[in-house]
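Open your viewer and get your selection tool ready. We will walk through this structure one stop at a time.

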Amino acid sequence: MHPAGAADRADPVGVALIHGLARSTGSMWLLARRLERAGFATVRIGYPSRRLDFEAAVRRVADEIRRRCAGWRLIHLVGHSLGGLIAARLSERPEGLQGLPLGRVVQLGAPGRGAAIARWLSRLGPARAFLGPALGDIAAREGRRHRPRPGVGAVAGRLPFGLRPPGDGLVSVRSAWDGAEARAAVRSIHGWLPLSPRTARLVVGYLRDGRLGEAER
């Protein structure tokens, strides 16, 4: 396990990786390794995503970042799905991380404008029981619009066949790009976005120089 050793470097520039709903820190392991090879320290932030509503999840993640990233020279945030929404909230309202040197944010398949699948599942009792209160919080985001914010990049998944609206099978490209100043898309289903080598290259580029490059068509 490499994140602990990477975080022990003196005065590092690092990345806190935040997993999505019903996922674990293991889902961000490969992306963490690729970021470490690019020279970043990393920590993978865990939180009980199926037991917390959105605001409680934001507070829990902020507590973990304060605990594990103290002393870093710069802290970038990279989040997948629900984790991307949490990362954006922490950047937008940084009081939860007051005093820490926040850098850029990259969202991977984050449902900024909600997701039709979340609305549908939130109406089913078994799905609500399994996925928890954050499911309803995602569903409630449908129809919202957020202005692009400096320092926020978004990578959307785009399936290669004619899905309408275009997206990764769970989150549309439009929803995933919501609120981001820099945008790109890769050919991927939702759950594989953190595993894609192209995603890793885009994340590294944005964290280094604020550019995501061209979207993959």
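## The second largest pocket

The residues around the second largest pocket are 12 nonpolar, 5 polar and 1 charged. Keep in mind that you are looking at a predicted model. To find the spot, select Leu21, Ser81, Ile117, Leu170 and His190, which lie nearest the centre of this pocket among its 18 lining residues. The space here comes to about 340 Å³. Now colour helix 5 and helix 7 (133-139), the elements that each give two or more residues to the lining of the second largest pocket. Helix 5 gives the most, with 3 residues.

## The largest pocket

Next, select Ala116, Pro165, Val171, Ser172 and Ser175. What do they mark? Of the 21 residues lining the largest pocket, these are the closest to its centre. About 410 Å³ of space lies in this pocket.

## A stop in a loop

Now move to Ile189, in the loop between strand 6 (180-186) and helix 9 (197-209). Is Ile189 buried, partly exposed or exposed? Its relative accessibility is 34%, so Ile189 counts as partly exposed. Show the side chains around it: leaving out residues up to four places away in sequence, Ile189 touches Leu159 and Asp168. For a distance check, draw a line from the C-alpha of Ile189 to that of Gly112; the two are 17 Å apart in space and 77 residues apart in sequence.

In soluble globular proteins, nonpolar side chains tend to be buried together. To see the largest nonpolar core of this model, select Val61, Ile65, Leu77, Leu82, Ile86 and Leu90, which touch the most other members among its 43 residues. Helix 3 (residues 54-68) gives the most to this core, with 7 residues.

Centre the view on Leu90. Which residues is Leu90 in contact with, leaving aside neighbours within four places in sequence? They are Val58, Val61, Ala62, Ile65, Leu77, Leu97 and Leu102.

For the last stop, select Met28, Phe40, Ala182 and Leu193. These are among the 23 residues of another core, which lies apart from the largest one.

Key: Residues numbered from 1 in each chain as written. Predicted model: local features only at pLDDT ≥ 70, side-chain atom pairs only at ≥ 80, totals over all residues. Heavy atoms only, no water. Helix = DSSP H or I, 4+ residues; strand = E, 2+ residues; numbered from the N terminus. Buried < 20%, exposed > 50% of the residue type's maximum accessible area, 1.4 Å probe, protein only. Contact = heavy atoms within 4.5 Å. 1 Å grid on protein atoms, 1.4 Å probe; cavity = no way out; pocket = protein on both sides within 12 Å on 5 of 7 lines; lining within 4 Å. Points joined across faces, edges and corners; volume = space filled by probe spheres on them. Nonpolar A, V, L, I, M, F, W, Y, C, P; charged D, E, K, R; others polar. Core = buried A, V, L, I, M, F, W, Y, C linked by side-chain atoms within 4.5 Å.
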